[in-house]
Amino acid sequence: MPRGKPGYSLPRSVSAIKRLESTLNIRLFARSTRSLRLTPEGEVWLPYARQMLEVMHAGLQKIQTPEDEISGTLQIAVPSDLGRNLLLPVFQSFRHRHPALRLRVFFSDQVADVFKDPVDVAFRYGNTEDASYIALPVSPDNRRVLVASPDWVAQHGDPRHPDDLANLNALTFVLRGRLHDRWTFIRNGDVSSVQVNGTMMSDDAEVIRRLAIAGEGMAYKSWLDVSEDVRDGRLQRLMPDYQGEKVPLSMICPHRKQLSTAVRLLHEAVKARCERLELPPM
C-alpha cells in the first residue's frame with residue numbers, strides 16, 4: 001500500500017509481507033530500515049498476485065449486493081385463486097424491481113405450515129391469533145360476498161334474503177376434507193346462517209370461481225378473489241345489503257428474524273394492491 005494512502009501502516013504492511021513470505025517459503029521483498037523493494041522472485045510473483053486479487057474481487061461482486069439491493073430466493077405460499085388472479089402480477093412486478101431476487105411461489109388452498117414446509121412466508125385467509133408465528137395484516141377488513149354470473153341471475157333470479165338460498169344451486173368449497181356449506185350473513189347486527197346445497201364442489205377456490213363465472217351456480221367468495229370479476233361484469237354481487245363473514249388476509253412468517261428487507265417490501269407491495277380493492281361500504 002503506497003505511503004500517504006488512508007489506512008497505510010508500515011509495521012502492519014511488514015507483518016503481512018512476512019506472513020506471505022512464510023506461506024510461500026520465498027523471499028519477495030528486500031528490506032532495510034529505509035527501503036522496501038521487490039526481489040527478482042517478487043517481480044515474477046507480482047502479476048500473479050494482481051491477477052488473484054482481481055479474481056477475488058470479481059467473486060465478491062458476484063456474491064455481494066449493494067445495500068439498497070435485495071437478493072437470494074424468497075419462497076412464498078399463497079391461496080390458489082388469490083395467487084393466480086390477483087397477486088401473480090404483483091409478484092412479477094416485484095421481481096422486476098429487484099432483479100437479483102428469485103421468487104419460488106407455491107399455489108395451493110391447503111394451509112401451509114411455515115415451520116415444516118419449505119416456505120419463507122405464507123399469505124393466509126382467516127384469523128391469525130397463533131402466537132407462535134408473526135402475522136402482518138394485509139387486508140384486515142376483507143369479507144366474503146355472494147356472487148353469481150349475470151346469466152345465472154337472469155335464469156334463477158336475484159335472492160333477497162338468506163332463506164332464499166336454500167333452494168338455489170351453491171358452489172361449495174372443501175378445505176381439509178370439510179365441506180363449507182353453511183354461509184353466514186349479517187344485516188343491522190342480525191346474524192343469519194343458512195345451510196346451502198349444490199351439485200358441484202371443489203377443494204380449489206379458483207375452480208369455484210370459474211364455475212361461478214360459467215353460470216354453474218352462486219358462490220360465497222372472498223371479495224379480494226372476485227372484485228375484478230365484479231368490476232368487469234363477469235360476476236355480480238347478490239344481496240349487497242348483507243355483509244358476509246370476515247376473512248382477513250395476512251402474511252405469515254415463522255420468526256421475527258425472517259422479516260428481511262425482501263419480506264417487508266413484498267408485504268408493502270401486496271398490501272398496497274389489496275387496499276385498492278377494498279369492499280365498498282354498505
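## Lining of the largest cavity

Strand S7 (144-148) gives the largest share of the lining of the largest cavity, three residues. Strands here are DSSP runs of E with at least two residues, numbered from the N terminus. This is a predicted model, in which local features need pLDDT of at least 70 and side-chain atom pairs count only at pLDDT 80 or more, while totals for chains, interfaces and linings use all residues. Residues are numbered from 1 along each chain as its sequence is written, and side-chain values use heavy atoms, without hydrogens and water.

Strand S14 (236-238) and strand S15 (243-244), like S7, each supply at least two lining residues. The lining consists of Arg144, Val145, Leu146, Phe185, Arg237, Leu238, Met239, Tyr242, Gln243 and Gly244. By class, six are nonpolar, two polar and two charged (Ala, Val, Leu, Ile, Met, Phe, Trp, Tyr, Cys and Pro are nonpolar; Asp, Glu, Lys and Arg are charged; the others, Gly among them, are polar).

## Cavity search and volume

One cavity of 30 Å³ or more is found in the whole structure. A cavity is a set of points, on a 1 Å grid over the protein atoms alone, where a 1.4 Å probe fits but cannot get out; lining residues have an atom within 4 Å of a point.

The largest cavity holds about 40 Å³ of space. Grid points are joined across faces, edges and corners, and the volume is the space filled by probe spheres set on the points.

## The sheet containing S15

S11, S10 and S15 form an open antiparallel sheet in the order S11-S10-S15. Strand S11 (190-195) and S15 are the edge strands, each with a single partner strand, so one side of each has no neighbour in the sheet.

S10 (residues 182-187) and S15 are joined by two bridges; strands pair if DSSP finds at least two bridges between them. Phe185 has Gly244 of S15 as its bridge partner, and both residues belong to the cavity lining.

Conventions
1 Å grid on protein atoms, 1.4 Å probe; cavity = no way out; pocket = protein on both sides within 12 Å on 5 of 7 lines; lining within 4 Å. Helix = DSSP H or I, 4+ residues; strand = E, 2+ residues; numbered from the N terminus.
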